[in-house]
Each structure stands twice: as structure tokens, then as C-alpha cells.
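Biologist: I have the model open on my screen. Can you walk me through it?

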Amino acid sequence: MREIKIIDRSQDERFMRAALALASEGAALGEVPVGAVLVQDGEVIGRGFNCPISTHDPSAHAEMVAIRAAALDLRNYRLPGSTLYVTLEPCSMCAGLIVHSRIARVVYGATEPKAGVAVSRGQFFSQDFLNHRVLVEGGLLAEECGAVLSAFFKARRS
């Protein structure tokens, strides 16, 4: 098993800002602005933003897109030792994928009170039945991540 490389907070912020930039790309296409960056050994190995509308794929969440890209690039369905930075707390579908991918750590920005399963609607990652443990940290640049979502939905309501 790979050892988790501890990343300092300034690097965490840099990678979350990269995820925020991806969220903006999605928003420009009319997608809900969520971005994700997957990092291993300090290098970005996968990127994604929500794109279920444009791809006609209900599973095309930012996390799913970033993880698929990394797995294809590395030619491995397991991504041990990696950290996923995502602007919004993961949903149940993405949480299951994170565990199955053997991602070591998830850092998210804003909480998702309706469907988030890290802390908001449950604590999926701490369930006893899981065969892999994921370290989860929430709230990194939470205000900025939440503001991007709020602005998007406000504009849609106008």
C-alpha cells in the first residue's frame, strides 16, 4: 500500500483553486459549477467538472470525471496515495467511487446539505462495512466554493 504524502495547507489551497477554476469552466457551459482535481505525489493526475447535461450522462459529476481521467491515464483502476480536491461535498455515488478507487484523502470546499454524505446527510466514509478508509477534510475555501454555486443558482433564477 502507498504511503500518504502529507501536503501542506498552501498546496491544498493551490489544488482547491485549480478545482474552482474547473468549476467555472463548467458554469460557462451551463453546468452546475463543481470542479475536482486528483493529485498524487504532488502532481495533478486527473481533472474534471460537472458535465451531466452536456454529456447526457447522469454519472458525469466532477469527481467521476477526474477519477476516470486519472485511471485511464495511469492505466489502473486503483489510485492509492492520491488526494481528491473537490469544491463540493461528495454525493453517495461519488463517495462509493472514491472508496472503490482507493483514494487516500478527500478535501472538499462547501458542504452539500441536500445530498452530501461526508458530513451533511451521513458519514459514509466512516462506515464499518467499507473495506477502505478515506481521510476526509471539509471546509477548505468553503466560502469561495459556496459563492460560486450561489451565484450560479441566483443567475438561473433570474
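Modeller: Let's start with Ser101, which sits in the loop between H4 and E4. Keep in mind that this is a predicted model, in which local features need pLDDT of at least 70, side-chain atom pairs count only at pLDDT 80 or more, and totals for chains, interfaces and linings use all residues. Residues are numbered from 1 along each chain as its sequence is written, and side-chain values use heavy atoms, leaving out hydrogens and water.

Biologist: What are H and E here?

Modeller: They are DSSP runs numbered from the N terminus: helices (H or I, at least four residues) and strands (E, at least two).

Biologist: Is Ser101 buried or exposed?

Modeller: Ser101 is buried, at a relative accessible area of 3%. Buried means under 20%, exposed over 50% and partly exposed in between, using a 1.4 Å probe and protein chains only.

Biologist: And what does the Ser101 side chain reach?

Modeller: The backbone oxygen of Leu97, at 2.7 Å. Leaving aside neighbours within four places in sequence, Ser101 is also in contact (heavy atoms within 4.5 Å) with Ile67, Tyr77, Arg78, Leu79 and Pro80.

Biologist: Changing topic: where does UniProt put the active site?

Modeller: At Glu63, in an unreviewed entry; such annotations may be inferred rather than shown by experiment. Glu63 is part of helix H3, residues 62-74, and is buried at 4% relative accessibility.

Biologist: Which residues is Glu63 in contact with?

Modeller: Beyond its neighbours within four places in sequence, Glu63 is in contact with Ala36, Leu84, Val86, Leu88, Pro90 and Cys94.

Biologist: Which residues touch the most others in the largest nonpolar core?

Modeller: Leu38, Ile67, Leu84, Ile98 and Phe125, out of 43 residues. Elements giving two or more residues to this core include helix H1 (9-28), H3, strand E3 (82-88) and helix H4 (92-100). A nonpolar core is a set of buried Ala, Val, Leu, Ile, Met, Phe, Trp, Tyr and Cys residues joined through side-chain atoms within 4.5 Å.

Biologist: Now charges. How many salt bridges does the structure hold?

Modeller: Six, where a salt bridge is a side-chain nitrogen of Lys or Arg within 4 Å of a carboxyl oxygen of Asp or Glu. One of them joins Arg9 and Asp12, at 3.0 Å from N to O. Both lie in helix H1, three residues apart, about one turn of the helix. Arg9 is partly exposed at 39%, whereas Asp12 is buried at 1%.

Biologist: What forms a salt bridge with Arg9 from elsewhere in the chain?

Modeller: Glu137 does, with the closest N and O atoms 3.1 Å apart. That pair links distant parts of the chain, with Glu137 in strand E5 (residues 135-138) and Arg9 in helix H1, 128 residues apart. Glu137 is partly exposed, at 29%.

Biologist: Which residues end up in one network?

Modeller: Salt bridges with shared partners join Arg9, Asp12, Arg105 and Glu137.

Notes:
A polar contact is a pair of N or O atoms within 3.5 Å; within protein, one must be able to donate a hydrogen and the other to accept it, and residues adjacent in sequence count only if both atoms are side-chain atoms.
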